[in-house]
Amino acid sequence: MTQALAISGLSHSYGSRKALDDVSFSVAPGSFAVLLGLNGAGKSTLFSLITRLYAARQGEIDVFGRNVMRAPGAALRRLGVVFQARTLDLELSLMQNLVYHAALHGIGPLEARRLGRAALERAGLLERADDKARALSGGQMRRVEIARALLHGPRLLLLDEPTVGLDIKARADILALVRDLARNENLGVLWATHLIDEIEDDNQVVILHQGKVLATGRAADIVAAQRAKNIGEAFARLTGAGEEKLSA
Ligand SMILES: Nc1ncnc2c1ncn2[C@@H]1O[C@H](COP(=O)(O)OP(=O)(O)OP(=O)(O)O)[C@@H](O)[C@H]1O
């Protein structure tokens with residue numbers, strides 16, 4: 001089966017500091033996978049390599065079988081990304097934010113507005129289409145960023161710590177929205193987080209620690225293999241790190 005995302009033997013260094021060390025894992029189409037790691041584990045570096053912000057000098061990254069170095073256009077067309085930092089233009093309306101993003105993907109203005117309306121409707125924000133992004137709550141901004149990342153119809157969505165800084169209700173809403181997209185729209189999702197309460201037993205989990213993948217598999221299987229009570233305890237056994245760092 002062609003994987004939504006396949007990473008093999010990926011390494012990256014900043015000068016002499018190795019941020020990723022021989023990382024390999026894959027995400028199946030239509031599945032919700034969690035990249036679990038503490039701050040500094042290498043999650044953002046991994047996303048920067050997948051999106052070609054940095055060039056991968058060692059290892060391979062394929063999105064639905066398209067290599068991001070050798071066939072970047074085909075690979076990036078199939079990929080949507082929500083970065084950790086807020087990236088909406090606060091002075092533009094929600095619709096303008098979406099239309100500009102669509103233009104970057106070569107989508108014309110009429111089609112962009114049609115897609116934009118559908119995306120805002122799905123995000124529950126259609127009536128706010130002409131409001132400036134500045135007027136939204138943090139959770140609403142994240143929903144628009146997710147809608148924007150999906151505008152060009154990607155089959156794989158990467159999200160880097162998407163719930164950081166949100167209150168409990170907004171966190172739960174974003175998580176439910178993205179789980180729903182994976183389940184009902186056959187979207188492959190890689191959700192990077194350090195929060196274990198965002199993981200369900202059936203989710204695939206990739207545990208990244210100090211640049212290395214220490215475990216990958218169903219959350220329940222990782223827990224069983226570590227003879228742990230839950231994924232937090234399994235993480236602590238694998239990494240030697242304290243469980244208290246894994247909650248909001
Ligand atoms: N531009 C850079 N120059 C030098 N070192 C860097 C740079 N970016 C990241 N690093 C280092 O690489 C390692 C991995 O960082 P990275 O940001 O990928 O981790 P992360 O898991 O995304 O953490 P966070 O959630 O805090 O961003 C860390 O040790 C970090 O200090």
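Visitor: Where does helix 1 lie?
Guide: This is a predicted model. In it, helix 1, residues 43–50, lies across strand 1, strand 2 and strand 4. Its angle to strand 2 is about 65°.

Visitor: What sheet do 4 strands form, and in what order?
Guide: They form an open sheet in the order 2-1-4-5, with antiparallel pairing. Strand 2 (17–27) and strand 5 (66–67) are the edge strands, and each of these pairs on one side only.

Visitor: How many bridges are there between strand 1 and strand 4?
Guide: Strand 1 (residues 5–14) and strand 4 (residues 58–63) pair over 5 bridges in the antiparallel sense. For example, Ser-8 has Glu-60 in strand 4 as its bridge partner.

Visitor: Now the ligand. Which residues surround it?
Guide: Tyr-14, Arg-17, Ala-19, Gly-37, Asn-39, Gly-40, Ala-41, Gly-42, Lys-43, Ser-44, Thr-45 and Glu-161.

Visitor: Which elements give two or more residues to that shell?
Guide: Strand 2 and helix 1 do. Helix 1 supplies the largest share, 3 residues.

Visitor: And what is the shell like by class?
Guide: It has 6 polar, 3 nonpolar and 3 charged residues.

Visitor: Which way do Phe-32, Ala-33, Val-34, Leu-35 and Leu-36 point?
Guide: Phe-32, Val-34 and Leu-36 point one way from strand 3, while Ala-33 and Leu-35 point the other way.

Visitor: Which strand pairs with strand 3 over 5 bridges?
Guide: That is strand 8 (residues 188–193), in the parallel sense. Within strand 8, Trp-191 stands opposite Val-34. Strand 9 (residues 204–209) also runs parallel to strand 3, joined to it by 4 bridges. There, Gln-204 is opposite Ala-33.

Visitor: On to helix 3. Which of its residues are buried?
Guide: In helix 3 (residues 94–104), the buried ones are Leu-94, Met-95, Asn-97, Leu-98, Val-99, His-101 and Ala-102.

Visitor: What do they pack against?
Guide: They pack against helix 4 (109–122) and helix 5 (138–149).

Visitor: What about Gly-106, is its phi positive or negative?
Guide: Positive, near 80°. Gly-106 follows helix 3.

Key: Residues are numbered from 1 along each chain as its sequence is written. This is a predicted model: local features need pLDDT of at least 70, side-chain atom pairs count only at pLDDT 80 or more; totals for chains, interfaces and linings use all residues. Two strands pair if DSSP finds at least two bridges between them. Two residues are in contact if their C-beta atoms, placed from the backbone, lie within 7 Å. Axes are lines fitted to C-alpha atoms, for helices over the stretch in contact, and angles run from 0 to 180 degrees between N-to-C directions. A residue is near a molecule or strand if its C-beta atom, placed from the backbone, lies within 6 Å of it. Ala, Val, Leu, Ile, Met, Phe, Trp, Tyr, Cys and Pro count as nonpolar, Asp, Glu, Lys and Arg as charged, and the others, Gly among them, as polar. A residue is buried if 20 or more other C-beta atoms lie within 10 Å of its own, exposed if 12 or fewer, and partly exposed in between; C-beta atoms are placed from the backbone.
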